[in-house]
Amino acid sequence: MRQGSRILRQGGEDEMKYDSDFELGNYLSDAAAVLASRTDSPRLDAEILLGIVLRKPRSYLHAWPERVLSEEERHQFNLLIRRRFSSEPMAYITGVREFWSMPLRVNRNVLIPRPETELLVEKALNHIPEDAEVRVLDLGTGSGAIALAIARERPKAEVIGLDISEDALKVARLNAKMFKIPNVEFMASDWFDAVRGQKFDIVVSNPPYVINRDEFLLAGDLRFEPQTALAAGDDGLEAFGAIIDRAHNYIVRQGWMLFEHGHDQERAVRRLLEAQRYYDITCYQDAAGHDRVTECRFVE
């Protein structure tokens with residue numbers, strides 16, 4: 001952190017020193033300088049965080065750069081900048097991440113929805129006619145992002161989202177309530193346990209697929225996210241195996257199953273599917289050109 005900055009100037013280990021008459025514009029400039037080494041969008045992050053403190057849109061910050069921050073406002077802003085400087089994701093600091101044009105609530109109990117996961121939604125919707133009364137199952141639903149996107153786009157579908165974490169389900173249910181999506185239900189379950197005996201036309205999942213002890217788990221956003229929703233055994237395939245071994249009992253004849261997976265896991269996932277007699281196996285690439293979503297069908 002740069003010496004002499006208005007942001008995070010410390011007079012002791014915990015004591016903060018503030019100068020008087022800080023204008024909003026100057027404070028934002030200092031915050032952006034502090035964050036420059038931690039984010040690709042330091043000014044934007046600073047503006048969003050100050051907007052939270054002031055409960056004002058970013059346009060207000062641009063219109064009133066000479067507005068002087070109170071000591072309490074400076075203190076609250078400083079706390080948020082500290083969190084961002086520690087590389088805590090903006091989604092957890094703000095409590096919101098947009099997915100499929102929905103600003104979803106998120107916290108540290110759920111993974112942060114990512115743009116590449118929208119590919120999974122897109123490909124699933126391709127198999128659901130707009131007026132179809134189908135049943136859709138989302139395994140490891142987390143914030144409910146995938147289930148809610150599908151349910152919103154296909155209001156005649158019955159969508160069930162399962163997750164082993166009750167804390168995650170609270171977030172998913174809050175999101176469903178916020179967007180008034182009635183055709184989705186969230187249930188606690190260890191994979192398929194809560195829906196035994198039921199059949200679904202489509203099963204979707206963005207399961208854990210990072211290798212245990214992978215160095216990426218200790219870097220950037222991932223170190224703040226729930227590790228149980230990220231890591232899946234020594235080869236990263238543990239969750240895929242658990243789902244694929246049981247899924248045939250829950251999918252209707254010629255029904256579809258779609259996974260998100262790591263960019264280097266397409267061949268391994270394909271082998272698991274072929275061993276269990278799935279067919280029409282197709283992998284799709286995300287916007288960055290990485291293998292990201294695999295779909296398949298099942299023959300009884």
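Predicted model: local features only at pLDDT ≥ 70, side-chain atom pairs only at ≥ 80, totals over all residues.
Mentor: Residues are numbered from 1 along each chain as its sequence is written, and side-chain values use heavy atoms, without hydrogens and water.

Trainee: Why is the pair of Phe-192 and Tyr-250 called stacked?

Mentor: Rings of Phe, Tyr and Trp (its six-membered ring) pair if their centres lie within 6.5 Å; planes under 30 degrees apart are stacked, over 60 edge-to-face, and the rest tilted. The centres of Phe-192 and Tyr-250 are 4.4 Å apart and the planes are at 10 degrees, so the pair is stacked. Both residues are buried, that is, under 20% relative accessible area with a 1.4 Å probe and protein chains only (exposed is over 50%, partly exposed in between).

Trainee: What makes Tyr-27 and Phe-77 a tilted pair?

Mentor: Their centres are 5.6 Å apart, and the angle between the planes is 45 degrees. Tyr-27 is in helix α1 and Phe-77 in helix α4, 50 residues apart. Helices (H or I, at least four residues) and strands (E, at least two) are DSSP runs, numbered from the N terminus.

Trainee: How do you know that the charged end of Arg-135 sits over the ring of Phe-200?

Mentor: The rule asks for NZ of Lys or CZ of Arg within 6 Å of the ring centre and within 35 degrees of the ring normal. For Arg-135 the distance to the centre of the Phe-200 ring is 4.4 Å. Lys-56 lies over the face of Tyr-60, at 5.1 Å from the ring centre.

Trainee: What makes a nonpolar core, and how many residues has the largest?

Mentor: A core is a set of buried Ala, Val, Leu, Ile, Met, Phe, Trp, Tyr and Cys residues joined through side-chain atoms within 4.5 Å. The largest has 34 residues; Met-102 and Val-121 are among those with the most contacts inside it. Helix α7 gives the most, with 7 residues. A second, separate core has 26 residues, including Val-203 and Tyr-278.

Trainee: Why do β5 and β8 stand at the edges?

Mentor: Two strands pair if DSSP finds at least two bridges between them. The open sheet has 7 strands in the order β5-β4-β3-β6-β7-β9-β8. β5 and β8 each have a single partner strand, so one side of each is left without a neighbour in the sheet.

Trainee: How do you know that β3 and β4 pair?

Mentor: They share 5 bridges, in the parallel sense. Val-136 has Val-159 as its bridge partner in β4.
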